[in-house]
Amino acid sequence: PLAGKLNVFRKFRDRILKRNSAGRHLVDKYYEYSPAFVRFIKDKPLLKLLLNKLLVMIAWILTFFLEGTLMVRQLLIVSFLLLISSLFLKRGNLASV
């Protein structure tokens, strides 16, 4: 059911990413690399299924970010930063940053 979620990604691209240089760079890289990635996963049904599920979850989170209150947005940002920090701490990479 990812097709129904595409508008969420478009809104995030247009409302958030395209408004700053880092976001525009990310969008440019997406358009540069996505065709090759789509060709890569074309014959890999399990990978396609997993990515579809992941993208549906990301769309759900982005919906809250785009449509939610300021407090919801802040909570999502803090949660994301905590997740990234914990990944760095587990790997011991934080000291090398």
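What average pLDDT does the protein chain have, and what share of the residues score at least 70? Then please walk me through the core.

A: This is a predicted model, where local features need pLDDT of at least 70, side-chain atom pairs count only at pLDDT 80 or more, and totals for chains, interfaces and linings use all residues. Residues are numbered from 1 along each chain as its sequence is written, and side-chain values use heavy atoms, with hydrogens and water left out.

Start with confidence. pLDDT is the predictor's confidence in each residue, from 0 to 100. The protein chain averages 86, and 92% of the residues score at least 70. Helix α2 (residues 21–41) has the highest confidence, at a mean of 95, while helix α4 (residues 70–91) has the lowest, at 81. Helices here are DSSP runs (H or I, at least four residues), numbered from the N terminus.

Now the core. A nonpolar core is a set of buried Ala, Val, Leu, Ile, Met, Phe, Trp, Tyr and Cys residues joined through side-chain atoms within 4.5 Å. Buried means under 20% relative accessible area, with a 1.4 Å probe and protein chains only. The largest such core has eight residues: Val-8, Phe-12, Leu-17, Val-27, Ala-59, Leu-62, Phe-65 and Leu-66. The most come from α3, which gives four.

How do these two helices meet? The axes of α1 and α3 are 9 Å apart, at an angle of about 50 degrees. Axes are lines fitted to C-alpha atoms, for helices over the stretch in contact, and angles run from 0 to 180 degrees between N-to-C directions. That angle makes α1 oblique to α3; oblique covers what is left after under 35 degrees (roughly parallel), over 145 (roughly antiparallel) and 65 to 115 (roughly perpendicular). On the α1 side, the contact includes Val-8, Phe-9 and Phe-12; on the α3 side, it includes Ala-59, Leu-62 and Phe-65. Contact means heavy atoms within 4.5 Å.

Two phenylalanines deserve a look. Leaving out residues up to four places away in sequence, Phe-12 touches Leu-17, Leu-62, Phe-65 and Leu-66. Phe-65 lies in helix α3. Its relative accessibility is 17%, so Phe-65 counts as buried. With that sequence limit, Phe-65 touches Phe-12, Ile-16, Arg-73, Leu-76 and Ile-77. Eleven residues separate Phe-65 and Leu-76 along the chain, yet their C-alpha atoms are 7.1 Å apart.

Terms used: Buried means under 20% relative accessible area, exposed over 50%, partly exposed in between (1.4 Å probe, protein chains only).
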